[in-house]
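Reader: I have a protein model open and would like to learn how to read it. Could you take me through some features, one at a time?

Author: Gladly! Let us look at it together.

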Amino acid sequence: MSDVFISYSRKDKVFARRLFDRLKQENYTSWMDWANITGGSQWWDEIKSGIDNAHNFIFIISPDSYTSSICHREIEYARLRGKRIIPIVRREVSKPQLAGQWIDKDWEAIARANYDEMAQLDYVHFRKKAGFDCLYDDDTKEVVNPECDQETSDADDFETAFAKLFAALKHDPENARLHTRYLLRAQLWAAVPAEESRRKEDGLLVGQEIDEAEQWLANWAKQSQNRRNQMPPLAPLMPAPLDLHREYIAASRTAETARTRRLRNIRRASIIGSLGAVLATLVAIGASLIGAQAAEQLASVSPTLTAVAAQVSAGEARIESLRLAALATSELNSGDSLVATLLGIRALRAGYTPQADAVTVAALSENTAHVRLIGFRSAAYSSDGRFIVTAAGDQTARVWDAETGAYVRNLVGDSSAVNSVAYSPDGHDIIAALDNGTAIIWDADDGEYQKALIGHTDTVSSAAYSSDGRFIVTASYDGTAIIWDAATGEQLRTLAGQTDAVYSAAYSPDGRFIVTANTGYTAIIWDAATGEHLRSLTGHTDAVSSAAYSPDGRFIVTASYDSTAIIWDAATGEQLRTLTGHTAYVQSAVFDPDGITIVSASGDGTARVWDVRSGRLLRTIGGHVGTLSNALYSPDGRFIVTVSAVDWDESVIVWDAVHGEPPGTLMAQAQMTRVNSATYSPDGRFIVTAGYDAPAIVWDVTSGIALRTFSERSFGAAYSPDGGSIVTANADDTAIIWDAATGERLRTLRGSTNGEVNYSAVYSPDGQFIVTASTGDIAIVWDAASGELIHTLAGHRGDVNSAVFSPDGQFILTSSWESTIEWDAVTGERLRTLTANTSDVYDAEYSPDGRFIVTASDTARIWDAATGNVVRVLAGHTGGIYDTTYSPDGRLIVTAGNDGTAIVWDAATGEALRTLAGHRDFVTSAAFSPDSRLIVTASNDGTAIVWDVDYQALITYACAHVAHLRDFTAGELQRFKIDNGTCPQSAYADS
């Protein structure tokens, strides 16, 4: 999903890019049609998908956008989907000026309706000055004078306007997010034909998901009614639920009720049927005089009973899988990826369903935990990031290897509990704050006790070093903070004057100031040299639990028991923004080493990552059983450590600071980069990918490392049969042959000069020839050695989407919008046409033995290669199919669809075996590894993912990533209604 879809005229492309980049600075993702491929159903499908997947729709108003049929189609679609539309004015327009250009257009009525709808909305003005007209080149599709839309052209201040736009985007983001989420699910469900009742039911919400969706509808209705009750009345909250939303949620509730009733009836029928069968058998036995005859009748009953039992068992397994998958989805949405992964594993083990597969993959991508240490209340990194020191509820602290979680040494204090720990900047010392009113210092290298800091009269809550290591500041419940000489332990000055307990004290990066947090709802900034009280930070409505400086010293973040964190200007004390979202007290909040993000820890059991500039919530981290006492970054910012301090948890977990990708992801480029194809080398060691906005890249399959990048922008890439070379199909009407090992360009295959785009290029089985598919309605056969053009295959009436050789090299299949054509590869003669498809044919492939052909269109169809008859239809995707291929052993077929999934099929029966759901946009290609064990998929979301064909491998992989963390607690087992033992090797780190 993306935050924003941007609709614009090509003459406003430079400004649109400025807006795109500015939104990106706020960590907002935007969907834009950079490529300008303005034709064909695939393009329009991508536009619709971009709008469907966006929480907001921005329309850049100008005379050119308001007279663009494409922009009006986009606006109309956004309106039909109930999207929140935000119009921004770049160039002023008037209806009379526009209407003259709408007259007699087939989209005139749409344009007028769109204009009237926009007139009712609040505009955001990003107007430009007169005299800065943009010139657009129809051939290159680019603005030729980009200075026409730079800062100097702005009439309205860009940042002021952006602040207003951003405020609109941030208004009730949860409503927008749920609107998008349920709309996508509802559309997929509605696209399934009614006669496919099993698959249609699979697309519905289940269990707790239904409760949450019904609550969303109720909340929207309540808020909208409140808005109407205001004077003057306000428009309903946007985006608004559609009839499709309501129909989908109602159907989910109905199916849930029916499913429960159906299972109950199956059980009842199985019992009655079994009794009836047994009675009938007994009667038959009694009427028979021959024992053998009775035995035969008993045997005839057995398969019936077995079939009934199997039906009941399969139904129960499927329902249980769907139930657990729904619970996993709910946990993942709340930020607990660890529990979601455990539930996903249980769902897959109960019985395979696409929902269980998808949520397990999604949970694994979010579950970035590496190490879990048990029995600790506080943690801190060494300055070099190599070690973590933890404080337990007893009188000890322990040092651990930060990477492996291996125990290093024990630090023994006196007879008092350790509240918090910290390393000195040089890493040689460790200080601990104790319950008995003292702080003690250990030698970090050997664990030897060095000295105690004695002076407080109550619990010491925290202790921290100055950045140069010369001083220490301690905070205490006695209402004071004390500054100490770190070398001698001498008490230098006391920061007094507070009557409230001080929860934390921290130095500014330059050591000039100290900020303290106290129970009196304030944080106080002090002069570290004099102890003078400089200013108070007042704004919280409950106790302030922690306060910390940003790395550059410009900002302070405070955490509070009022469930918020606040960012302050350190110089002026001005309150800049409030971070809201936690549902319980916030115990701590700290900046990352770059000052870009903040991580907060809360009593709601989660840590949350926030963007400093915007205050936007970026990520929620769950995984602990109880409340969190603090969270911190590693010195290099790569990891986040979360700490739980409740008696039944008391654990420390180390997480990746950045979101993960689904297992096996090869790449995650900029959102505007779309990956069109991915295919294996003949030996299975490498994968080559190609994308519209990027060159082809070769990847090492084992490590996922990019080995080399080719210099040309390409749509497709494929290895030669011997693996020695790679051919790429390029956007400039060429195909290029490269040395696979060195990346050297060997030769260029150039067809016409009409600006066609080559969609694909592949070798013949013997490596002697190459066939390319082009937008010029043709395919071309080339001599691979010389680059000479051999044949031009002309016969389609539209773009040729793909072209491939038969396994024996005698034939070529080409696919286009209306049909698939088979050609004689030697003579170039047209042999026959396959025409059963009802929409664009994006791909056609032979089976390895050449007996069958599979095509990708509205559905996938298997054809008898000898007769040209359709053998089987593979119906499972909820949209068009872009690619399909057989496994090398011929047993399986994989299809790639615009519903964001790939499906693995049994080639003999047409049964769907596994749904691969992990991409965030159309899946454009899918290919098997040479041993048929793996599949690589490519997507418009900018990634390629390697999958195991067998979903059991996903269970094994998932267990390997969570077993060392934890299994379900007793309370979770009861709440989720499951038994124990998710992963056999489940174990905790040694405490």
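Author: A strand here is a DSSP run of type E with at least two residues, and strands are numbered from the N terminus. Keep in mind that this is a predicted model. Thr-642, for instance, has its place in strand E34 (residues 639-644).

Reader: In what order do the strands of the sheet around E34 run?

Author: First the general idea: strands of a sheet pair through backbone hydrogen bonds, either parallel or antiparallel. In this case four strands form an open sheet in the order E8-E35-E34-E33, with antiparallel pairing. Strand E8 (369-374) and strand E33 (628-633) are the edges, each pairing on one side only. From one strand to the next, the twist averages 15°. Five bridges join E8 to strand E35 (residues 651-656), and Arg-372 stands opposite Ile-653 in E35.

Reader: Back to Thr-642: is this residue buried or exposed?

Author: Buried means under 20% relative accessible area. Thr-642 has 0% relative accessibility, so it counts as buried. Its side chain makes a polar contact with the side chain of Trp-655, at 2.9 Å. Beyond its neighbours within four places in sequence, Thr-642 is in contact with several residues, among them His-624, Asn-630 and Ile-653.

Reader: Which residues touch the most other members of the largest nonpolar core?

Author: In soluble globular proteins, nonpolar side chains tend to be buried together. Here the largest core has 57 residues, and Leu-343, Ile-935 and Phe-968 touch the most other members. Helix H13 (residues 337-350) supplies the largest share, eight residues. A second, separate core has 24 residues, including Phe-59 and Trp-107.

Reader: And how many salt bridges are there?

Author: Side chains of opposite charge can pair when their charged atoms come close. The count in this model is 37 salt bridges. One of them joins Arg-81 and Asp-52, at 3.5 Å from N to O. Arg-81 lies in the loop between helix H4 (69-80) and strand E4 (84-89), while Asp-52 belongs to helix H2 (residues 40-52), so the pair ties together parts that are 29 residues apart in sequence.

Reader: What links helix H10 to helix H8?

Author: The pair is Glu-209 in helix H10 (residues 208-229) and Arg-181 in helix H8 (residues 173-191), 28 residues apart. They form a salt bridge whose closest N and O atoms are 3.9 Å apart, and both Glu-209 and Arg-181 are buried.

Key. Residues are numbered from 1 along each chain as its sequence is written. This is a predicted model: local features need pLDDT of at least 70, side-chain atom pairs count only at pLDDT 80 or more; totals for chains, interfaces and linings use all residues. Side-chain values use heavy atoms; hydrogens and water are left out. Two strands pair if DSSP finds at least two bridges between them. Axes are lines fitted to C-alpha atoms, for helices over the stretch in contact, and angles run from 0 to 180 degrees between N-to-C directions. Buried means under 20% relative accessible area, exposed over 50%, partly exposed in between (1.4 Å probe, protein chains only). A polar contact is a pair of N or O atoms within 3.5 Å; within protein, one must be able to donate a hydrogen and the other to accept it, and residues adjacent in sequence count only if both atoms are side-chain atoms. Contact means heavy atoms within 4.5 Å. A nonpolar core is a set of buried Ala, Val, Leu, Ile, Met, Phe, Trp, Tyr and Cys residues joined through side-chain atoms within 4.5 Å. A salt bridge is a side-chain nitrogen of Lys or Arg within 4 Å of a carboxyl oxygen of Asp or Glu.
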